Amino acid sequence: MWWKNLLQAALELVYPPRRQCPLCAGHSPDESICHACRELLAGYAAEKFCPVCGSFMGPKQHRPQSAMLCQDCLAGSRPFDLARSVAPYEGPLRDAVHRLKYHGRTGLARPLGLLMVEAALREPAFERTQALVPVPLSPRREQQRGFNQALLLAREVGALLQAPVVEGAVVKIRETPAQTGLHRRERLQNLLHAFAVAEPGAVVGKIIAIIDDVFTTGSTVSIISQILRQSGAAGVMVLTLAGARKTEKW
Ligand SMILES: [Zn+2]
Ligand SMILES: [Zn+2]
């Protein structure tokens, strides 16, 4: 709610928040990512991951050497070329996403966007990015929240990667019911016709990176990838702050 954000802002003027690590909210004198969180991120970056959807699949030594796809990517081809994220949606990163999204801590978009750029720089394919498309919220949801976290993150990523953010190229034209607890097929059914490309000219012939805060099953970014391709995008990649964790056994 907008008034909650206003109240939060007013409170922060009166009681300035102590200097915090953007992830764990522990004390950090210069507001940089604290040592413990850096160690955690380094651990995630060293994990084996699905080369298509970027899902984190545990320590490398417990996995075969070859690049193994996760079960979801093995089961069917994805409409995006690849997806990457900073870390799985758990622990301090999950908390940070919640502070950004539900507590209006929009200032977190900058340090979190920087982490997304670090993740993008580990994947050479992102060098070819020509435009960033943030996952849109419905107008009603955006009005309720007062901002779209995906757009805030896209702006930070775009500034650092020097790629234009094509805000409004894709719009959400239909509210979708809550996605939690639904299977992949049901999620896709829910999302069909929820998004539309409003400005095909902004995406045609371009290599696009879709930007969002969280990738869980990838249903939302899959639908958006499909409609971007149908509108003539030359390539579609996905960059999210948080990604999926796959615990399947090999
Ligand atoms: Zn921390
Ligand atoms: Zn995968």
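**A closer look at strand β5**

Analyst: Strand β5 is joined by seven bridges to strand β6 (residues 235-243), and the two run parallel. Keep in mind that this is a predicted model, where local features need pLDDT of at least 70, side-chain atom pairs count only at pLDDT 80 or more, and totals for chains, interfaces and linings use all residues. Residues are numbered from 1 along each chain as its sequence is written, chains are lettered from A and ligands numbered from 1 in the order in which they are written, and side-chain values use heavy atoms, with hydrogens and water left out.

Strands here are DSSP runs of E with at least two residues, helices are runs of H or I with at least four, and both are numbered from the N terminus. Two strands pair if DSSP finds at least two bridges between them.

As for cover, eight of the eight residues of β5 (residues 207-214) are buried, that is, under 20% relative accessible area, with exposed over 50% and partly exposed in between (1.4 Å probe, protein chains only).

Now the metal sites. Donors are N, O and S atoms within 2.8 Å of the metal (3.2 Å for Na, K and Ca), and sites may look incomplete because water is not among the atoms. The zinc ion (ligand 1) has the SG atoms of C21, C24, C34 and C37 as protein donors, 2.3 Å away. Their angles of 105 to 114° make the arrangement tetrahedral, a label given to four donors if all angles lie between 85 and 135 degrees. Along the chain the spacing reads C-x2-C-x9-C-x2-C. C21 and C34 lie 13 residues apart in the loop between α1 (2-14) and α2 (35-45). C21 is buried, because its relative accessible area is 0%, and C34 counts as buried at 16%.

The zinc ion (ligand 2) is held by SG of C50, C53, C70 and C73, at 2.3 Å. Here the angles of 104 to 117° make the arrangement tetrahedral, and the spacing is C-x2-C-x16-C-x2-C. C50 and C70 are both buried.

Conventions. Four donors count as tetrahedral if all angles lie between 85 and 135 degrees; four count as square planar and six as octahedral if opposite donors are over 155 degrees apart and all others between 65 and 115; anything else is irregular.
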